[in-house]
Structure formats: C-alpha cells, structure tokens
Amino acid sequence: MNILEKIISVKKEGKKQIAVLIDPDKLNATELTNLVSKVKNSPINYILVGGSLLSSDQMDEYIGLIKQNINIPVIIFPGSVHQISNKADGILFLSLISGRNPEFLIGSQVVAAPLLKRTKLEVLSTGYILVDSGVQTTASYISNTTPLPRDKADIAVATALASEMIGHKLLYLDGGSGAKLEVPSEMISAVKKHIDIPLIIGGGINTKEKLETAFNFGADLVVIGTAIEKNQDFLDDVVKVVNS
Ligand code: 1GP
C-alpha cells in the first residue's frame, strides 16, 4: 500500500493521523536522533521534512539519518525545488492555491516534475491553502502571497472545492509554521463538509486542546512542527490524544 492509499484507508476506518514536521535547519543531528527515537515508540504515522526557507543543503544525509532509525514513511514538505531528495518515500507536490503567485501555483512544479520523474518518490498532489494566523509567517512572506482571511470560511470552501475538482488528492489547510493562531475550527468543519479528499491541518498546534479541536472539527491528519521542536515532551501529549 502506498502513502496515499494508507492515508485514505485509515481515514475510512475513522482513525486520525499525525505527522511530525522536522525542519533540518532547526534540529542538529543529536536532537534529530533523540526525536526520531521518541517518534519510533509512538503512534505517529508520518514524518515530514522541509521548510519554507531552508539553508541546509544536507537533505539527503538528514533524511538518510531519519530512515536509518525509523520505519514510518518520510515525506518531503518542500519550500523549493532544492528540497527534493530521493532518500524520502514521498513528496507533497504542493500548489499554493490560496495565493495568486504563478511561481507557487505552477512554476516550481514545472521545474520539479522532470526531476521527480527520475526519483522513486511517491508524488502526492496537494492543494495547499495558507490561512491568516495572526502574524505574517515565513511561508506567506517567502511565497509572496496573501493568506486566506480567517473569517472567510466560504472562500476556503470554494478554494478547497476547486482543488478537489482540479484533481488534487489531498487538501492542506495551514496557518504556517509557528502560527500564532491555529486554523479556525469553523473553517475546518466548513471545508470538511464539502470535500471527500483527506484534509490535513497544520500551523500553531501547540496544545492538547488545539489538537483535539482540529480532529473533532474534521482534520484527518494533523501536522505538528514547532511545538515538538521546542519541547519534545509535547509528543507525550500528542500520544495521549491519539490513544484517546
Ligand atoms: C507548518 O503545518 C506546519 O507548515 C506545522 O506548523 O510548526 O506551527 O506546528 P507548526
């Protein structure tokens, strides 16, 4: 079963999934090894690797180190074409559909496609919506796009529907890494009601309660980065929520 089939089949079982996002610029090799060994003994389903602005040129070594220590799928969450690595299992092939910057809608994808064709990576076509999260995030600054207004669930629904109709296989609603405010629960439930493809939620999930809310309002998969990066013990809280 490939990654997409797995996400869909777990969703069908009504179970919730978690991905831990690791930014290679933020964790050194020792911190990475510690985190990976904690993740290994937890119900975490996936590891995402990447960032909107990455100065590390060691993606291969970094992902290689993760793969040596753990068996769950490692998926690239790319900020740019330079983050492609054949060591991973898959890549979120993102189109930043909340923005109107052609570079992030199709330009980078055209550059990346021939490179990806030469890898064994599973390409996961993903509609990516950045939602205003109270502060300007690196993702919105670097992509030079305006995030979707927090109180406009109707625009989020229309955008998500367009994404599904275009043929994206996953829909990712993201406040951006380190978001001050998480994606509003009303927006999660509104989008959830209108699409059948799996719904990924991320950005600013830093408490048990926020994680529970995201799941209760319709997230199939939640991505957590900063909170675990800052405090690896938060993983214990995440595990409690998943187990409950
Ligand atoms: C960012 O959704 C991810 O794109 C994770 O966000 O780092 O705030 O958890 P955090």
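I began with the largest cavity, which holds about 60 Å³ of space. For me a cavity is a set of points, on a 1 Å grid over the protein atoms alone, where a 1.4 Å probe fits but cannot get out. Grid points are joined across faces, edges and corners, and a volume is the space filled by probe spheres set on the points.

The model is predicted: local features need pLDDT of at least 70, side-chain atom pairs count only at pLDDT 80 or more, and totals for chains, interfaces and linings use all residues. Residues are numbered from 1 along each chain as its sequence is written, and side-chain values use heavy atoms, with hydrogens and water left out.

**Cavities**

I counted two cavities of 30 Å³ or more. Next I listed the lining of the largest cavity (residues with an atom within 4 Å of a point). I7, A19, Y46, L48, I75, L92, L124, L170, I200, L221 and V223 line this cavity. I sorted them by class: eleven are nonpolar, none polar and none charged. Here Ala, Val, Leu, Ile, Met, Phe, Trp, Tyr, Cys and Pro count as nonpolar, Asp, Glu, Lys and Arg as charged, and the others, Gly among them, as polar. β2 (46-49) and β8 each supply at least two residues of that lining. Strands are DSSP runs (E, at least two residues), numbered from the N terminus.

The second largest cavity holds about 30 Å³. I found L130, V131, S133, V135, T137, S140, P147 and G175 along its lining. That lining divides into four nonpolar, four polar and no charged residues.

**Ligand**

Where does the ligand sit? I found the ligand in the largest pocket. A pocket is an open set of grid points with protein on both sides within 12 Å along at least five of seven lines. Sitting there takes more than half of the molecule's atoms within 2 Å of its grid points. β6 (170-174) and β8 (221-224) are the elements that give two or more residues to the shell around the ligand.

I counted 15 residues around the ligand, the closest being D174, S177, G178, G225 and T226. A residue is near if one of its heavy atoms lies within 4 Å. The shell has six nonpolar, eight polar and one charged residue.

I then checked polar contacts (N or O pairs within 3.5 Å). A side-chain N or O atom of D174 is 2.4 Å from a ligand oxygen. A backbone N or O atom of G178 lies 2.8 Å from an oxygen of the ligand. For G225, a backbone N or O atom also lies 2.8 Å from a ligand oxygen. Taken alone the ligand exposes 300 Å², and the protein buries 98% of that (Shrake-Rupley method, 1.4 Å probe).

Notes. A polar contact is a pair of N or O atoms within 3.5 Å; within protein, one must be able to donate a hydrogen and the other to accept it, and residues adjacent in sequence count only if both atoms are side-chain atoms. Helices (H or I, at least four residues) and strands (E, at least two) are DSSP runs, numbered from the N terminus.
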